[in-house]
Amino acid sequence: MVQQERNPGMPLDMGFINAIVVNKSATVRRCGELGTRRIVTGDHQLAWLMRAISCMDLTTLKGNDTPMRVFRLCEKAKMPVRQDMIKKLGKSDLTAAAVCVYPARVKDAVRALKGTGIPVASVATGFPSGQTSLKFKLEEIRQAVVDGAEEIDVVISRDKVALAQWTELYDEIRAFREACGAASLKVIMAAGELPTLTHLAKASMIAMMAGADFIKTSTGMEEVNATFPIGMTMVRQIREYYELTGHMVGFKAAGGINDAATALVWLSLIREELGVEWLNSNYFRIGASSLINDIERSLWVGLTGMCAARTYMPLA
């Protein structure tokens with residue numbers, strides 16, 4: 001799929017923001033229906049698993065990250081499953097979508113991925129808490145871009161959401177967008193630290209109005225990370241924004257997605273709520289590290305003819 005024109009953002013529309021209300025019980029009820037409509041096996045399930053890999057941001061965000069750990073992660077991004085499985089799958093170009101690291105490790109990742117076309121994503125803006133000055137946040141973004149990051153995962157100031165300081169939140173994210181330049185801007189909601197789903201929905205819409213290329217559920221370090229009600233709330237705002245402006249904005253789920261079955265439900269959510277146009281790495285990402293190992297195991301099970309029925313329909 002050819003990527004659309006980048007979301008340019010729009011002026012903050014407080015009338016639109018004030019009208020946003022999320023019905024939590026209805027959202028939770030809808031999430032319970034995900035992936036329960038059709039049962040497929042075999043090739044369809046393998047296709048879903050490979051799509052999940054191709055939309056994955058392989059991530060290491062540890063205080064003891066080293067150049068060697070980043071190198072190993074980049075090698076996994078280049079060849080996410082074993083060579084013999086790649087041959088059986090007939091998917092020689094299968095790679096992860098990106099590698100996500102701390103700013104200090106960007107140069108290591110860029111060096112390891114040189115010539116592959118796999119972009120490096122860097123967290124920034126005082127990740128994970130965001131509790132630092134705007135000046136420092138902007139400097140961190142700019143330096144990551146200079147070092148070679150093509151995608152920047154920023155955290156919002158959660159206090160601005162809790163205090164309903166919507167104009168200040170918009171201005172902050174707009175400044176992030178300008179600091180990114182040509183680099184893609186992913187805005188992390190840290191949804192588990194926001195008061196309600198309505199707050200999350202408003203913050204998501206404001207991020208898109210400010211020019212976000214993606215909105216992302218979590219840092220992965222909150223007590224509550226990527227839950228389906230959180231994801232449902234955010235993707236419905238993406239749909240609203242698309243209907244309002246005609247611009248597609250991506251969605252990234254991150255935090256606690258550790259097994260293939262869960263990853264496939266996320267794909268189902270995107271397909272059912274946004275459509276197949278979003279089911280590619282331009283508009284959908286999963287941030288994870290250990291998930292790739294479970295997907296590889298699931299692919300092996302499928303290739304050896306032991307694939308059990310799963311509730312996922314064909315991708316297209």
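This is a predicted model: local features need pLDDT of at least 70, side-chain atom pairs count only at pLDDT 80 or more; totals for chains, interfaces and linings use all residues.
1. Let's start with the aromatic rings. The structure holds six aromatic pairs. In one of them, F228 and W266 have ring centres 4.8 Å apart and planes at 45°, so this pair is tilted. F228 belongs to helix α11 (residues 228-245) and W266 to helix α12 (residues 260-273), so the pair ties together parts 38 residues apart in sequence.

2. Next comes a stacked pair, F251 with F284, at 6.5 Å centre to centre and with 10° between the planes. This pair also links distant parts of the chain: F251 sits in strand β7 (residues 250-254) and F284 in strand β8 (residues 284-288), 33 residues apart. F251 is buried, at 0% relative accessibility, and F284 is buried at 0% as well.

3. When you look at these rings on screen, view them together: F228, F251, W266 and F284 form one aromatic cluster.

4. Another ring to look at is that of W300. The charged end of R82 sits over this ring, 4.9 Å from its centre.

5. Finally, have a look at T27, which is placed in helix α2 (residues 24-31). T27 has a relative accessibility of 5%, so it counts as buried, the cut-off being under 20%. Leaving aside residues up to four places away in sequence, T27 touches V22, P229, M232 and T233.

Methods:
Residues are numbered from 1 along each chain as its sequence is written. Side-chain values use heavy atoms; hydrogens and water are left out. Helices (H or I, at least four residues) and strands (E, at least two) are DSSP runs, numbered from the N terminus. Buried means under 20% relative accessible area, exposed over 50%, partly exposed in between (1.4 Å probe, protein chains only). Contact means heavy atoms within 4.5 Å. Rings of Phe, Tyr and Trp (its six-membered ring) pair if their centres lie within 6.5 Å; planes under 30 degrees apart count as stacked, over 60 as edge-to-face and the rest as tilted. A charge sits over a ring if NZ of Lys or CZ of Arg is within 6 Å of the ring centre and within 35 degrees of the ring normal.
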